[in-house]
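Q: Please walk me through the side-chain features of a helical model. I would like each general idea, then the case at hand.

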Amino acid sequence: MFFSISKTVFKNFFSDNQVQSQVRYFQEEEKRLKVVHRITNNASNIVANSTRALSVEQPKLISSGDSVYIDSQMMVCQRNMETILRYVIYAMLARDTSVLEKLIFNSLCESFQSMGIPYKSVIFAIHYMMDDVIKIVKESTGNTPINYINLINELTSYFDQVVALFVV
């Protein structure tokens, strides 16, 4: 009922093209929110997988030293990877990448560097995370992945920007 009344009201003030433009905008934003929801629901698995990939790429993280040190180092890596994913999600929601630069330059580069983890290994883990995220997004789209290609490309660009900040 409300929709039919509001549609009549809209037609009095807006052209059909303007109304259709707004409808398309809200449909796109609904897809964006669905993607973010799906990523957020799978965040712990995504982060755990990328941290595992980091430890495979950088085996000295788990092979030397006492177990307390190794555990704390892995926890810091996991926290950092979680932070990267969270900020990629923020960037996607806000369509603003400035948070990525602030995040990387202000804290994460120093954190990985202080643990002796080469940026090459961090980049490997970020790519692993990106692949995992894209796989989850594609799985969530069901029979219509083509409708989400712009969002997948956008997500990829955010991860690429994070990777670029680790390239020294």
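**Charges, rings and core**

A: Start with a charge over a ring (NZ of Lys or CZ of Arg within 6 Å of the ring centre and within 35 degrees of the ring normal). Here Lys31 sits over the face of Tyr148, 5.5 Å from the ring centre.

Q: What kind of model is this, and how are residues numbered?
A: The model is predicted: local features need pLDDT of at least 70, side-chain atom pairs count only at pLDDT 80 or more, and totals for chains, interfaces and linings use all residues. Residues are numbered from 1 along each chain as its sequence is written, and side-chain values use heavy atoms, with hydrogens and water left out.

Q: How do I read the span of helix α2?
A: Helices are DSSP runs (H or I, at least four residues), numbered from the N terminus. The expected span is 1.5 Å times one less than the number of residues. Helix α2 covers residues 16-41, 26 residues in total. From first C-alpha to last, α2 reaches 37 Å, close to the expected 38 Å.

Q: Which residues of α2 are buried?
A: Buried means under 20% relative accessible area; exposed means over 50%; partly exposed lies in between (1.4 Å probe, protein chains only). In α2 the buried residues are Glu29, Lys31, Arg32, Val35, Val36 and Ile39. Glu29 has 17% relative accessibility, so it counts as buried.

Q: Which side chain does Glu29 join through a polar contact?
A: A polar contact is a pair of N or O atoms within 3.5 Å; within protein, one must be able to donate a hydrogen and the other to accept it, and residues adjacent in sequence count only if both atoms are side-chain atoms. The side chain of Glu29 meets that of Arg95 at 2.3 Å.

Q: How many aromatic pairs are there?
A: A pair of aromatic rings is described by the distance of the centres and the angle of the planes. Rings of Phe, Tyr and Trp (its six-membered ring) pair if their centres lie within 6.5 Å; planes under 30 degrees apart are stacked, over 60 edge-to-face, the rest tilted. By this rule there are three aromatic pairs. Tyr87 and Tyr90 form an edge-to-face pair, 5.1 Å centre to centre with 65° between the planes. These two tyrosines are three residues apart in helix α5 (residues 67-94), so about one helical turn separates them. Tyr87 is partly exposed at 24%, and Tyr90 is partly exposed at 39%.

Q: Which parts does the pair of Tyr119 and Phe166 tie together?
A: The ring centres of Tyr119 and Phe166 are 5.4 Å apart and the planes lie at 70°, so this pair is edge-to-face. Tyr119 is in helix α7 (residues 119-140) and Phe166 in helix α8 (residues 149-166), so the pair ties together parts 47 residues apart in sequence. Tyr119 is buried at 19%, and Phe166 is buried at 1%. Ring pairs link Phe112, Tyr119 and Phe166 into a cluster.

Q: Which residues have the most contacts inside the largest nonpolar core?
A: A nonpolar core is a set of buried Ala, Val, Leu, Ile, Met, Phe, Trp, Tyr and Cys residues joined through side-chain atoms within 4.5 Å. The largest one has 43 residues, and Ile84, Phe112 and Phe166 have the most contacts inside it. Helix α7 gives the most to this core, with 11 residues.
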